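Please read them with the structure open.

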Amino acid sequence: MQWFAIYVVLLAVANWFKIPCSASEFSLQGDYLLGGLFSLNIALKPELQSHPVTLECRRYHFDEESYQMFQVMRFAVEEINNSTTLLPNVSLGYEIFNHCSDTLNFPSVFSFLSQNGSFPIQRNFNKYQPNVITVIGPYDSTTTITVAPFFMMDLIPMLLKEVKKLNFSLNGHQIKYDINGDPPVSYAVVLWHPNTSSQVFEVVPFGNCSVECKEGFQREKDRNHECCFRCKICPSNTYINYTRDPYTCVPCSTDEWSEEGSIACQRREIVYLSFTDPLSVLLLVSAASLVLLCSAITILFSYNYNTPVVKSAGGSMCFLMLVSLIMSSIGLFFFFGQPMVIQCVFRNVMFCFFYSVCLSCLAVRSFQIFCVFKMATKFPEAYKCWVKHNGQWLVITIVSVFQFILCVLWVTFRTPAPTRDESSYADQIILGCSRGNLGVLLVVVFLVALLSFLCFFFSYMCADLPKNYNEAKSITFSILFFYISWCLYFTANMISRAVYIQLLYAVAQLSSLYAILLSYFIPKSYIIVFQPKKNTQAYFQTSIQNYTQNISRT
C-alpha cells in the first residue's frame, strides 16, 4: 500500500506538470516479458507521409487515463517480483510502447511478435515463441480492433502454466486460478478523480453484467455502466415478468395481490359475513331466540294484562317495547350474505328507529314513576295535565315521528350502499355497507344517545322507590350494558377493518336488545309465572304503605 501511495503521488505530479515519461519506464528485463500498448499520446489526425517514417507520439496530446493504466501495469509487475509467494523464483519484465495511433504504430506490434528482432515466415506457429508471453492493452475498443488480428492464439499464448498452479493469500483474499487460468471474481473498482484539488477515490458500485437476477427481482440499469444492471426486489402488490420486461415490476390489478418478490399475482379473497360462518350462526341463533322470547313474553303479558305486574311495567306500553325489540332483532338478519342495497338500508335503519322507540318508552316510564312519587304532591296541576292529555304517549309519538323522519332523510339523501374495502388488507377485499349521509346519521345517533341518558337519569332519581314499582335497577343495568357494548365496538372499529368488525357491530346491537329483555321483562315474567303471590293488588298496596311510612319517618 505504501508503494501504491507513492505511485498515486507520482501520477498526480505528472498530471499537474505534464512531465513526459522517461525511456527507462517502458522496459524492464525479466525471465518472461509482458507486452503493453498504452495511448499515452493520442494522434487523432496524424500528418500524411509520402514514405515510411517513425511516428513521434510525444508531439501529440497527452492522455491521463492511459498514463494511469501504464503506471498500474508497472506497479503490478513490481509487486509480483517483490513478493515471495507470487511466482517465486521467477521474474517478470515488460516492453511497453506508446500506441498513439491505431494505423501508424504497427512497429510496436511486430516487436512483440519477433524473435531477436526478426519475424520468421512459417506455415504453423503452434511451437513459435514470440518476444512476449502476453499483451496488455490497448485501452479502447477502436484501437484494439486494428491490432487484435496480429495477436492470434498461435502467436501470443492469454497465461503461463505456472500461473494455473498458484494458490496464495493477498490482502485477506485467497487467490487461485482455474483450469483456464482465470482468477475468481473478487475485486473492487476504484475510480480516481485526478482533476480535483485533493485526490478523490470513489469505489464504483457493483454492476451485474452476467449473473441473472433471482426470482422476483427486477433489473435496474447501472448508472456507471449502461450495459450492466443491478437487482432490486419487486415490492408487494407487484410482480416481474422476465419474458415481457425484466426491468419493470408490473402492478397487480385491484382484484389481485402479491407478496414482495413475486413473479405472478394471486386472486384476492372476497370476504363478507356469510350465513355458514360459525360466529354468524351463533349470532343468528341468538337473534332468533330473542324474537321467540319477546313473542312468548308478549303472549304472557296479554294473558295477564290486568295484573299489577303488567300494569306497573307500563301496561300497553310494554307491547310497543316488545314489538320494537322484535323488529330490531329482525334487522340483524340483514348483516349476512353478500351485501345489497336493501340489506345495507335495513341493517342500520331498523335498529336505529325501533330501538329509539323502545328507549323513548323506557324514558317515559322512568319519568312517570318519578312524577307519581316525587312530583305529584309538589306539582299537582302539572301532574293532572300530564295524565289528562296522555303525556307519555304524546312524547313517544313525537320522538318516534321525529326519528322516522330522520331515518327517511338518512336513506334518501345518500342511501347506504354496498362497498368494497380494497385497502385494509392486501390479500382480501372486504364487502360491507357505507354509512349513508353522515350529517343525518350523526343526528340519529345523537337522539339515541339523548334518550339513553334520560333513561339513566330518571332511573337513578327513582332508586329509592318501592321495588314493585321501581324499574330503576333494571333500566340502569340495560343502559350501562348499552354503553359498554358500543364503546367496545367503536374502539375495535378504530383499530381494525376486518370483516368481523361488521359482526361486532351486529353483536353490539344484539347486546343492547338483550340488555332490555333480560333486565326489564324477564324479572316481571318470572314473578308472573313462578311468584303469583307477588302479582296481587294487596302485595303492591303493602309495598306502597311501607314506603310512605319510611318517607314520613325521615
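1. How are α6 and α14 oriented to each other, roughly parallel or roughly perpendicular? A caution before the answer: this is a predicted model. The axes of α6 and α14 (residues 500–530) cross at roughly 30°. Angles under 35 degrees count as roughly parallel, and therefore α6 and α14 are roughly parallel to each other. Their axes come within 10 Å. The crossing of α6 past α14 is left-handed. By class, this contact holds 21 nonpolar residues, four polar ones and one charged.

2. Helix α6 (residues 278–303) also meets helix α8 (residues 316–330). Here the axes come within 9 Å, with a crossing angle of roughly 165°. That angle makes α6 roughly antiparallel to α8. This crossing, too, is left-handed. The contact counts eleven nonpolar and four polar residues, with no charged residue.

3. Which residues build the contact of α6 with α8? From α6 come A287, L290, V291, C294, S295, I297, T298, F301 and S302. From α8 come C318, F319, L322, L325, I326 and S329.

4. Now the sheet. It is open and four-stranded, in the order β1-β5-β2-β6, and its pairing is mixed. β1 (27–28) and β6 form the edges, each pairing on one side only. Helix α2 (residues 64–82) packs on this sheet and touches β1, β2, β5 and β6. The direction of α2 makes about 170° with that of β5.

5. Residues 32–38 make up β2, and six of the seven are buried, so the strand is largely enclosed by the rest of the structure. On one pairing, β2 runs parallel to β5 (residues 92–98), joined by seven bridges. Within that pair, Y32 stands opposite L92, and L37 stands opposite F97. On another pairing, β2 and β6 (residues 134–136) are also parallel, over three bridges. L34 faces T134 there, the two standing opposite each other.

6. Is Q403 buried or exposed? Its relative accessible area is 0%, so Q403 is buried. Q403 sits in helix α11 (residues 391–413). Setting aside neighbours within four places in sequence, Q403 is in contact with C352, F353, S356, V444, L447 and V448.

7. Two backbone angles are worth a check. Most residues other than glycine have a negative phi. N89, not a glycine, has a positive phi near 65°. N89 is placed in the loop between α2 and β5. With a relative accessible area of 81%, N89 is exposed.

8. The second case is N237. Its phi is positive as well, about 65°, although N237 is not a glycine. N237 lies in the loop that links β12 (229–233) and β13 (238–241).

9. To recap the helix points: α6 is roughly antiparallel to α8, whereas α6 and α14 are roughly parallel.

Technical notes: Residues are numbered from 1 along each chain as its sequence is written. This is a predicted model: local features need pLDDT of at least 70, side-chain atom pairs count only at pLDDT 80 or more; totals for chains, interfaces and linings use all residues. Side-chain values use heavy atoms; hydrogens and water are left out. Buried means under 20% relative accessible area, exposed over 50%, partly exposed in between (1.4 Å probe, protein chains only). Two strands pair if DSSP finds at least two bridges between them. Axes are lines fitted to C-alpha atoms, for helices over the stretch in contact, and angles run from 0 to 180 degrees between N-to-C directions. Angles under 35 degrees count as roughly parallel, over 145 as roughly antiparallel, 65 to 115 as roughly perpendicular and the rest as oblique. A crossing is left-handed if the near helix is turned anticlockwise from the far one by less than a right angle, and right-handed if clockwise. Contact means heavy atoms within 4.5 Å. Ala, Val, Leu, Ile, Met, Phe, Trp, Tyr, Cys and Pro count as nonpolar, Asp, Glu, Lys and Arg as charged, and the others, Gly among them, as polar.
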